[in-house]
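Please open the structure in your viewer and keep the selection panel at hand. The tour below moves from the whole chain to single side chains.

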Amino acid sequence: MNVCGCEISAKEVRLVVVHLNDEDNIEMLRPKTTRIELEDDTSEADLRSFLAALHEFSRENEIDTFVIKTRAKKGRMAGGAVSFKIETLIQLVEGCQTSFVSPAALSHFAKKKVEEYPENLPVYLKNAYLSGAYALSKDLANS
C-alpha cells in the first residue's frame, strides 16, 4: 500500500510517497513529482488542471491514501482560503482515501518514533514525509 503524505503551503501541495517494505519498515519512494502548484484559485481551468495533476500523480504512484497535515482554521497561524481549496481537491481524487493528522501528533511522532529520516530528504518535504509515515505507523491508511 502506498501512502502520500501531504503538506499544504500557500498555493502548493508538497508530496511524499511512503510504503511498508518487506521488513515492515517505512520506506520513502522517489516519485518524479514532489509538489503541485495551484496557479490561480479563481480560474476554473486551473482548478481542473490541479485536480487532473493530482489524479495523474495518484495513478503513477499507485496511491491508496492521502494524509494531510492539518492547518488552523482561524487565528494567527490559520491556513488561507487557497490552501483549503487545495485540501478539498485532494479529497476529490477518485479511488483514494484521505486522512488528516494534526501538527501536534506529528511533532510527538517525530520525537518518539522517528530515529532517522530518509537519505536526501529535502527539508521542505519533512512534514509531508512525517504525515505519511505517521499514517503507516498508526494504520490510518486502512481506517
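The stops that follow begin with the overall fold and end at pairs of aromatic rings.

**The whole chain**

Display the predicted model as a cartoon and colour it by secondary structure. Along the principal axes, the C-alpha atoms occupy a box of roughly 45 × 35 × 30 Å.

**Surface and charge**

Of the 143 residues, 41% count as buried. Colouring by charge brings out 18 positive and 22 negative side chains, with the centres of the two sets 10 Å apart.

**Contacts across the chain**

Return to the cartoon. How much of the contact set between residues at least 6 apart in sequence joins residues at least 24 apart? The share is 65%.

**Lys 69**

Select Lys 69, which is found in strand β5 (residues 63-69). Is this residue buried or exposed? Its relative accessibility is 17%, which falls under the 20% limit, so Lys 69 counts as buried. Now show its surroundings: beyond the neighbours within four places in sequence, Lys 69 is in contact with Cys 6, Glu 7, Val 101, Pro 103, Leu 106, Asn 127 and Ser 131.

**Aromatic pairs**

Finally, show the aromatic side chains, among which there are two aromatic pairs. Phe 109 is buried at a relative accessible area of 5%, and Tyr 134 is buried at 15%.

Then select Tyr 117 and Tyr 129. Their ring centres lie 6.0 Å apart and their planes meet at 65°, so this pair is edge-to-face. Tyr 117 sits in the loop between α3 and α4 and Tyr 129 in helix α4, so the pair ties together parts that are twelve residues apart in sequence. Tyr 117 counts as partly exposed, at 31% relative accessibility, whereas Tyr 129 counts as buried, at 6%.

Methods. Residues numbered from 1 in each chain as written. Predicted model: local features only at pLDDT ≥ 70, side-chain atom pairs only at ≥ 80, totals over all residues. Heavy atoms only, no water. Buried < 20%, exposed > 50% of the residue type's maximum accessible area, 1.4 Å probe, protein only. Contact = heavy atoms within 4.5 Å. Lys, Arg positive; Asp, Glu negative; His and termini not counted. Charge placed at Lys NZ, Arg CZ, Asp CG, Glu CD. Helix = DSSP H or I, 4+ residues; strand = E, 2+ residues; numbered from the N terminus. Phe/Tyr/Trp six-rings, centres within 6.5 Å; stacked < 30°, edge-to-face > 60°.
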